[in-house]
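Reader: Hi! I have a structure open and would like to talk it through. Could you help me read it?

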Amino acid sequence: MYDKLWLIPFFPLVGSIINGLLGKKIKNEKVIGGISTVAIALSFVVSCKYFFQLLGDTDKTHESIVASWMSVGSLQVDWGFLLDPLSALMIMVVTGVGSLIHLYSIGYMHGEEGFYRFFSYLNLFCFSMLMLVLGNNALVMFVGWEGVGLCSYLLIGYYFEKKSAGDAAKKAFVVNRIGDFGFLLGLFLLFWTLGSKGVWTIQFTEIAANAHLLESGGVIVTIITLCFFLGACGKSAQIPLFTWLPDAMEGPTPVSALIHAATMVTAGVYMIGRMCGLFAMAPTTMMVVATVGAATALFAATIGLAQNDIKRVLAYSTVSQLGYMFLAMGVGAFSAGIFHLMTHAFFKACLFLGSGSVIHGMHHGYHHAHLHDDPQDMRNMGGLRKKMPITFITFLVSTIAISGIPLFSGFFSKDEILWWSFGSNRGHWSLWLLGAIAAGMTAFYMFRLVFMTFYGEQRTDARAKDHIPESPLTITIPLMVLGVLAVIGGYVGVPAILGGANHIHHYFEPVFGEAIKLNNISAHGSHATEYALMAISVGIAVFGIFLAWTMYVKNPALPGQFVAKFTGLHRVIFNKWYVDEIYDALFVNPTKRLGTFLWRGIDVRVVDGIVNGVGKLVNVGSMLLRYTQTGYVHNYAFMMVVGMLFIVGFYILR
Amino acid sequence: MTEHLLSLLTFLPLVGMIVVLFLPRDNGPLLKGCTLVVTLIVFLASLPLAFNDVFKTSAEMQYVEFVKWINIGDYFQMNYFVGIDGISLWLVMLTTFIMPIAVLSTWNAVDKNIKGFMALSLMLETAMLGAFISLDLFLFYIFWELMLIPMYFMIGIWGGKNRIYAAVKFFIYTAVGSLLMLVAIIYIYYHAVQSGINIDGFSILDFYNMSMEPELQTLLFLAFALSFAIKVPMFPVHTWLADAHTEAPTAGSVILAAILLKMGTYGYVRFAIPLFPEATQQFLPYLALLAVIGIIYGALVAMMQEDVKKLVAYSSVSHLGFVMLGIFALNIQGLAGGMLQMINHGISTGALFLIVGFIYERRHTRAIADFGGLAKVMPVFATVFMIITFSSIGLPGTNGFVGEFLILMGAFASELRWFAVFATTGVIFAAVYMLWMFQRVMFGKVTNPANEKLDDLSMREMALMLPLLLFVFWIGIYPNVFLEKMNPSLENLIKQSTSKQHVAVVEVEQPSLLTLNK
């Protein structure tokens, strides 16, 4: 029944190999783009089939083993896949949004030199991401986990001739590797601990079934989950490992949409969902997860307030929204976290693609006028709503969704998270407060973005301003589809107090239900509280929008005055709290200095010093001895006489 | 035929060498072609070993040949005694596989005294194969020393600017270790003779079953361990490696990295550990510490290198540290990972040295600063380089990951848990030094005009890389082919290294080490 799951990652892999090997010869952009898009679309079709098959099935967990991978003693690893409601939803998001973004890329990447390379990487990314979500054991997941890291590296470094792109790519991979270090340690400790209780496994279903062998709330399970959480922090750009994501915007915009917003960066959230049984057993870890999530949500939002690059704003917004998801996971609202993951995939992909459409238009205008202004700087935009109506409408819809305005998708998922962070027995009112403030900031900076880009006077250079067209259909169709999803995507999870059935919560019951029940996680509170919290968070969001409107539409001089008054604060926020600089000073430079010291100090001076010193000693010794070998007979004769006298003297005087 | 297969493999290159010596000295293509054909024949002839399924089930020595050689009564007796098991099998295969690639890499690189170079290469192959198949300690020692000579000349004659220093350093470092080992070998023999134990010459199979007092084991183990540690090389006796690699010609570096270094790690697995199990236990923590220091130290020093080849050389110190850690875990995952990583290192680092050779042949420089933007000029090369880079970093799906993962998993399940934690940081540093180098060489704009018109890989160069790429993915995706044939021998090794033990170190409260692993 489910034995063809391998087809889902298989199609994009084939697409990637074809384009990678032959793309250069094919040359025709339509063929190259077509192969890749068809490959991922086929995966989408297969995913749909299995998704609906699973919906109608009573048994919700299915595994399919393809082959053995490693078999060494007690360690048995298979190439195996796992389909349950969680992975089913993820493959739908990955292949669905992925297909749209592939289609979009055909138009967006038109004329790029490495067109085939781009599509090969993009397919390879989808392959890796699907391996990540479909893997039935931690190691196959890790293949996808590092695979998406690789593709992220390749795609961030797509414009490899730019130094900033190369730097960003390397930074992304290395920071992710720090997370992977945690992932591996967690895996080793888990394998060994379960093994010492007689169960040698890294398979998710067996881990879940045997989690009870670990001491609930104990040190071991806490360390294991904290290690895994470090991995999640790397991949999902949470404090302290978030710095790579904003830099990742060096990649082409479709990449930012697919990898650095909709799919890859949510892998950490997915992983916690996959191991919810372990996390739920470790309240300390859960608290850390929730705190880090809430802190990241707020911290990244503050930086988003002051950025001028359209993609950077979205990047910090992504970091912030990922923080929400972790907040959800941390307070035990697993299904809400994944729900937000899904709605976020819709509206954030739409926002990134929309920004790409804007950049595409701006670029077109500048290209026409032979200018080299920055097409991503919002200070050069303004008034684009008339030029790019479709882009504008879809962008606006998604902005409303992310701001948490009722009836749009983001409202339902965000509200669920905020409610749990307040009402859950693993939550705390302070977590709710952080989340609510961040929600207000989100509404502010997102509408600031909309107003700066689409409203007001057009600030583009006069020579270019009339040559900014709406984007072609390959770009606008994905925008429209995602825009619709950004509106309606939330209706699968309408909460009970609003008269909904919260389908998604029940959908995830087979995955998260047991962990929640076993560890007594629940959210309590009166309806009145729930309504009140909802009203407050909506109120905060509306206030944020109003503030943005006042500052950027009604009175555009205000931001300047504001900045003049709080120069110091603005500079700190604008420079991202100097986190990169702090990391450089604390970690990067000392490591380099240590490396140099070990090389020039220890290796060359101490070790080789000793080695060469011994050599020199022998040399000097023989040089001295050489003086005894003069070759003159009288010298030898003299020495013989001295020697004989010595011996004779010795015997006489003894 | 099969009963003499190992001898055939080992001495075919020697016959080839004699043929080469009689060829005209100025006909380069003929000399190179003849050498290539010989190494290819050796490779083809070795294939039946790899396809023999007996290794899946048996830990016994296979293809055994035993001929009495030197016999001076009780005073000295040694035999021509060879054979392979699942451990030496893959090292023999690695040798026969790498040699044709190394020879083909000399096509444009070696142009002075071609005859000498080819003859030495073939002699080296005989010595290396001989060392891997010897079951008589004295025979092993002969081959072990024989390896030293051709490599010494390869570095000293065909090397770079600083070749004499590097060659002498290489020679003296190795000779110091070898001499101690020789003393130890002779001592073991006479100890056996004096104890009245029935032995066949220097047969290690007999020595395995001989019990020795702990104090004696300690001394003998240290002699062996030092000798092998120099060859591996382990921190702090690694400094010959950077010079030897930097100065050696490409083919020399490839052979040195891919095969010669494995002599050290193999030596531990075949001799030092099973011969002296108690001493091994005693020194385990210290050696593991050196291995972990090597991993991190090698990576940090590699990071700051300005010469690509030196960087790759120091990365070897780090990679071999992983191998040693896996071996010292002394459980099946660790040992299997260590063995597999020996092969992986041969493939990936061998490929990296070839890659350095490619750009050196084009630009006659190896300084990272002289490059930049090559990805634009040489796209095919960029792809190949990138795959090998990620294989060296240990990306899942490539060979490097399987080895490193098993090593760390094994070390974590043994008493070396904390060592494994620190060793795991190596995966971060590996990404740093490799990607930083890759970025500086391949990414960015072409700033140096000399780099603007470089040729992409030729057919010959692709032919060198393709077999290596094949194994990068094969071992990464389906390593069982290799693992299943080494498992029985490794299980046997674990038994050997514990059964002789008088003091039970493990059984108390470490469920991990041996008892629970299967």
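Reader: At what angle do helix H6 of chain A and H18(B) pack, and how far apart are their axes?

Author: Helix H6 (residues 163-196) of chain A and H18(B) pack at an angle of about 160°, and their axes are 10 Å apart. Axes here are lines fitted to C-alpha atoms, for helices over the stretch in contact, and angles run from 0 to 180 degrees between N-to-C directions. The angle makes H6(A) roughly antiparallel to H18(B); angles under 35 degrees count as roughly parallel, over 145 as roughly antiparallel, 65 to 115 as roughly perpendicular and the rest as oblique. One thing to keep in mind is that this is a predicted model, where local features need pLDDT of at least 70, side-chain atom pairs count only at pLDDT 80 or more, and totals for chains, interfaces and linings use all residues. Residues are numbered from 1 along each chain as its sequence is written, while chains are lettered from A and ligands numbered from 1 in the order in which they are written.

Reader: Thanks! Which residues make the contact of H6(A) and H18(B)?

Author: From H6(A) come Phe181(A), Leu184(A), Leu185(A) and Phe188(A), and from H18(B) come Ala420(B), Val421(B) and Thr424(B). Two residues are in contact if their C-beta atoms, placed from the backbone, lie within 7 Å. By class there are 6 nonpolar, 1 polar and no charged residues. Ala, Val, Leu, Ile, Met, Phe, Trp, Tyr, Cys and Pro count as nonpolar, Asp, Glu, Lys and Arg as charged, and the others, Gly among them, as polar.

Reader: And how many residues does each chain put into the contact between A and B?

Author: Chain B gives 47 residues and chain A gives 41. On the side of chain B that touches chain A, H19(B) has the largest share, with 7 residues. That side of chain B has 31 nonpolar, 12 polar and 4 charged residues.

Reader: Changing topic: how many helices and strands does chain A have?

Author: Chain A has 26 helices and 2 strands. Helices (H or I, at least four residues) and strands (E, at least two) are DSSP runs, numbered from the N terminus. The C-alpha trace of chain A spans about 125 × 70 × 55 Å along its principal axes.

Reader: What share of chain A counts as buried?

Author: Of its 654 residues, 57% count as buried. A residue is buried if 20 or more other C-beta atoms lie within 10 Å of its own, exposed if 12 or fewer, and partly exposed in between, with C-beta atoms placed from the backbone.

Reader: Is H17(A) mostly covered or uncovered?

Author: Mostly covered, as 15 of the 15 residues of H17(A) are buried. This helix, residues 409-423, reaches 22 Å from its first C-alpha to its last, close to the 21 Å expected at 1.5 Å a residue. The expected span is 1.5 Å times one less than the number of residues.

Reader: Nice. Where is Ser36(A)?

Author: Ser36(A) sits in helix H2 (residues 29-55) of chain A. Ser36(A) is buried, with 32 other C-beta atoms within 10 Å.

Reader: What is Ser36(A) in contact with, leaving aside its neighbours within four places in sequence?

Author: Ser36(A) is in contact with Gly15(A), Asn19(A), His102(A), Phe119(A), Leu122(A) and Asn123(A). The C-alpha atoms of Ser36(A) and Phe11(A), 25 residues apart along the chain, are separated by 9.0 Å.
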